[in-house]
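Hi,

Here is the structure I said I would pass on.

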Amino acid sequence: MKTLVLLKMVPDVVEELEVAGDGASLSRDFLRLIINERDENALEQALILKERHQGTVTVVAPDAPEVDDVLYTALARGADRVVKVTGLEEGVGSAEATVTVAAALSSVAGLLPVDLILTGCQAIDDLDGLVGPLVAHQLGLPYVGIVTGLDVHPGGMGRCLREYPGGVRGSFELDLPAVVGIQGAEKPPRYVPIAKVRAAMTSGTIETVAGSPPGALPLRVVEMKKPEVAERAEMIAGGLDDIASRVCEILAGRGLL
Amino acid sequence: MAQASVLEIPDLTLDGLLATPAGRELLSCIQCGTCAGTCPYGDFMRYTPRRLIGMLREGFIEEVLSTDDLLTCVTCYDCWAKCPRGLRLTDVLLPAVKEQVLLRLPEVPAELQSALANTMRYGNPMGESPRKRAAWVESAGVPVPILRDLGRPVDVLWIVECYTAYYPRGQDNARATARILHALGVDFAILGNEEKCVGECARLVGEKGLFDTLREQNAATYAKYEFGSLLTCDPHAFDALAYVYPALGLSRPVDHTTPFVAARLDALRPLLTKDLGYKITYHDSCVLGRHNHMHDEPRRILDALPGVSLVEMTHNRDNTICCGGGGGGMWLDTFYKAKGYPRLSDRRVEEALATGADVLAVSCPYEVPRFEDSLKVLGGDDRMVVRDVMELVAEALAD
Amino acid sequence: MPGAVWVIAEQWRGGLSEVTYELLALGRQIADDRGAALEAVLLGSGVVGLAESLGLADRVLYADSPAFAEPVGEVGSRALAALATERKPTVVLVPITNVSWDLVGLLPARLGVPLVNFCMDVAAVGDGLEARCLVFGGKMEVRAVPESEPVVIGVLPGARRADAGRSTKRPEVEPVAAPAPETCGVRLLGYEEPEAGDIDITQQEVLVSVGRGLQGQANLDLAEELAELLGGAVSASRPAVDMGWLPMTRQVGKSGMLVKPKLYIALGISGAPEHVEGMKDAALIVAVNTDPGAPIFNVAHYGVAEDLLEFVPVLIDKVKEHKS
């Protein structure tokens, strides 16, 4: 079985994000990028399936700062090939990078066709497009997202569980090849000791393919700012009745009642 | 009595260990079983240190490496301290075995995994921003110079370490230490946001690659500056800096805040004017106490505080009871609990409460959250508080 | 007159989601501002009754077919894309929920039009639109302008009050034929209900979390009742779990789960860093603690310095009042 995993780097929100001088993008001064958490789960699920059914796992990611570390870590975890697509400028949003990566897949020697494409079902910078659906559409494959369990059965059939509200999960059958948007792998992404990552850095190879970005973005960000947040809780005082009413108002205002 | 000493073999692997005469000597065990009996989690281990050595000697290496048994080793140094042959189990043999265990472990417990991954990425196990490492300095009340900004050599480079730099109760210790250093007129500085975890717990839990990475980064950072000696609040960091880093070229004297202050008590005494009125019991940390035998230093300090009386717990000094936080235990509470193991800090706090003291004094930043948690669980938090020795000294300082 | 504003009505398990009305309220405003019609589009099986409850729309287009009985993104996106190609709406609002999430991605991909995602608000500006969106996990807010229309907009819950989207008016209801693909590669076989006693607190949108201030397991009923009223579950801080009041699966914090619910009510939790680590990213945090200096108030958005045992019963009554 051949599995393709699409990863991407997103801003690490552990570091305080700052707005750049243009007022409409992130400052690069202290920005660090980190693998999209759900993509990491997609990789884990791909590795679980590889262990279960043999086959190969290829990881493809758009080039970005720190992506090499992530790709070497993917090799250390058990991926067979790692590829980065170059030629992209960083920016908010997923559409341009995804379209570029999808178009570049055919340039990766011996990659297509694959049986499964796994990627995170969402990322914190998905302002203008979602990776899974965009890739599925471009390759003409079916898509299902928010998946927390996935297995492959003989005869090229996939089975997966998709999350619905309230802890309900929908059980789906998939014709393969298909694109699956992973919410969580069957188990948390595995830890790989740093010694293994260091070994992968010495012995592993990151393949590179050149991408051709499509050009003009369909969405223009005109302003970026930090949402206003209170430093400390706004204390609600008064009689118990008044406080309870105020709490209800707040909840109702957020659509929580 | 076994003494802590510099690790002669810095790049230690299990294979390497079993291939060298020095390593094989570690297996020269007489199978007396004292280690198993003294181990706080020995009752729960299939392969206690004694059995583990027996199996390694007979070549059952894969069996030993394929269990998660050794995750229950909280590196309390009790097996080492009591071993009649003085074998370096805690800090040499077991970490080398653990490294192999970790490489084979199908699933690293989530909490430990995130602590290790965070340490690699952010330089601290909590996953806090490295840019906020020196944020506590703002609230120190005294100037805390950052070495890079200072632009000159200092006598003492203070390695604050993670729990003291980030954890709110740890920061109390950092602020107290800063005040004391000022009171003593010590020429000191910290690395600020350049500082990273020293990595001792990563080493002792078997994440050698992580430790190696950290020590390379730290050695490079330290090498940028001129300073006379190193000082740290964290006994684990003390051990790494004193006994492991030297083999890699770092050869500066290292001190822990407790012995550092104890050695300067005469200068400090006139400033200790505030009557505390506490009944204090002191917990010997495994590393500072059992491993380094620094039992008198903290007690001398506490004795010098006005209005303080000291009471001892049943298990003290080399016989101290482990808080369970060492060697990765800090991030394995859930793992132990899921297996039904008792929390070692509960045992310790029960004993502390039995003394009738109102302060449980400690010298290790791991112990504050562990004992405060246990006090809450055991319902003793209305009777007893946990304080680092440095916090108590700072409290007794004149304003 | 510009093309219509569409609201994709969310239908699941026989009912319309509240968020549908929120989107209608938002869509109404956009449509009025640009002098366009507001149309609700509903896919389902036997849903004509539901269609009639969408009175804030000028017109409800509904496609009734057994193929649309369940909201499967692969099916719905094909039908909606075909319908949109025929009817040419300029703006399509899709709710960001687990039910509709696949549509948010698939519909713009199929139509080859821009997506504006994570929207909290959209306004008509000149001839175009301007959206306010939350990105980077809520750490930044952006104003974004789609360069072309039609445009698909993923709208976060809470953009408007659902009440503002209801109307007693009966809308014009128009049955439409939308293609229901015989095979699309994705088939829903059925639903798995959550096992009783096995709640995954990381997946809950509302958590009522209890700490030592609860004083005893006997008082757990209070928290459970509040959680049930708010459509959530009960979680706990470490001491509450250590004391055996709740199973470990409910523990939030360093040794437990990392949760990011929309609402986190902390009852009698002091806010030790180990706990805060696990819940600080909740969208809205309301803390109740007798100690006004408790650190939990440093992370909470709203604080109540009262004894939870006295306050929660009053709150439960108010919530009930509010809901009826």
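To start with the chains: how many residues of chain C are in contact with chain A? There are 78 of them, and they meet 64 residues of chain A; "in contact" here is for C-beta atoms, placed from the backbone, that lie within 7 Å. On the chain C side, the residues divide into 44 nonpolar, 16 polar and 18 charged. For those classes, Ala, Val, Leu, Ile, Met, Phe, Trp, Tyr, Cys and Pro count as nonpolar, Asp, Glu, Lys and Arg as charged, and the others, Gly among them, as polar.

Some housekeeping. This is a predicted model, so to speak of local features I needed pLDDT of at least 70, and side-chain atom pairs count only at pLDDT 80 or more, while totals for chains, interfaces and linings use all residues. Residues are numbered from 1 along each chain as its sequence is written, and chains are lettered from A and ligands numbered from 1 in the order in which they are written.

Chain B also touches chain A, with 18 residues of chain B in contact with 12 of chain A. α8(B) gives the most to the chain B side, 6 residues, and that side has 9 nonpolar, 5 polar and 4 charged residues. (Helices are DSSP runs of H or I with at least four residues, strands are runs of E with at least two, and both are numbered from the N terminus.)

Now the sheet that crosses chains. Its 10 strands form an open sheet with mixed pairing, in the order β12(A)-β9(C)-β8(C)-β7(C)-β10(C)-β6(C)-β1(C)-β4(C)-β5(C)-β11(C); strands pair if DSSP finds at least two bridges between them. β12 (219-225) of chain A and β11 (172-175) of chain C stand at the edges with a single partner strand each, so one side of each has no neighbour in the sheet. From one strand to the next, the twist averages 30 degrees. At the β11(C) end, 4 bridges join that strand to β5 (residues 59-64) of chain C, running parallel, and C:L61 has C:E174 as its bridge partner. Helix α3 (residues 73-87) of chain C packs on this sheet, and its direction makes about 145 degrees with that of β4(C).

There is another A–C pairing to look at: β9 (residues 169-175) of chain A and β12 (residues 186-192) of chain C run antiparallel, joined by 6 bridges. A:R169 has C:E192 as its bridge partner there.

Within chain A, helices α2 (residues 67-77) and α5 (residues 194-203) pack at about 110 degrees with axes 8 Å apart (axes are lines fitted to C-alpha atoms, for helices over the stretch in contact, and angles run from 0 to 180 degrees between N-to-C directions). A:Y72, A:T73, A:L75 and A:A76 meet A:K196, A:V197, A:A200 and A:M201, and by class the contact has 6 nonpolar, 1 polar and 1 charged residues.

Finally, a well-covered helix in chain B: 9 of the 10 residues of α14 (residues 235-244) are buried, that is, with 20 or more other C-beta atoms within 10 Å of their own. Those buried residues include B:F238 and B:L241, and they pack against β1 (154-159), α12 (200-204), β3 (227-232), β4 (254-256) and α17 (286-291) of chain B.

Cheers

Terms used. Contact = placed C-beta atoms within 7 Å. Buried ≥ 20, exposed ≤ 12 C-beta atoms within 10 Å, placed from the backbone.
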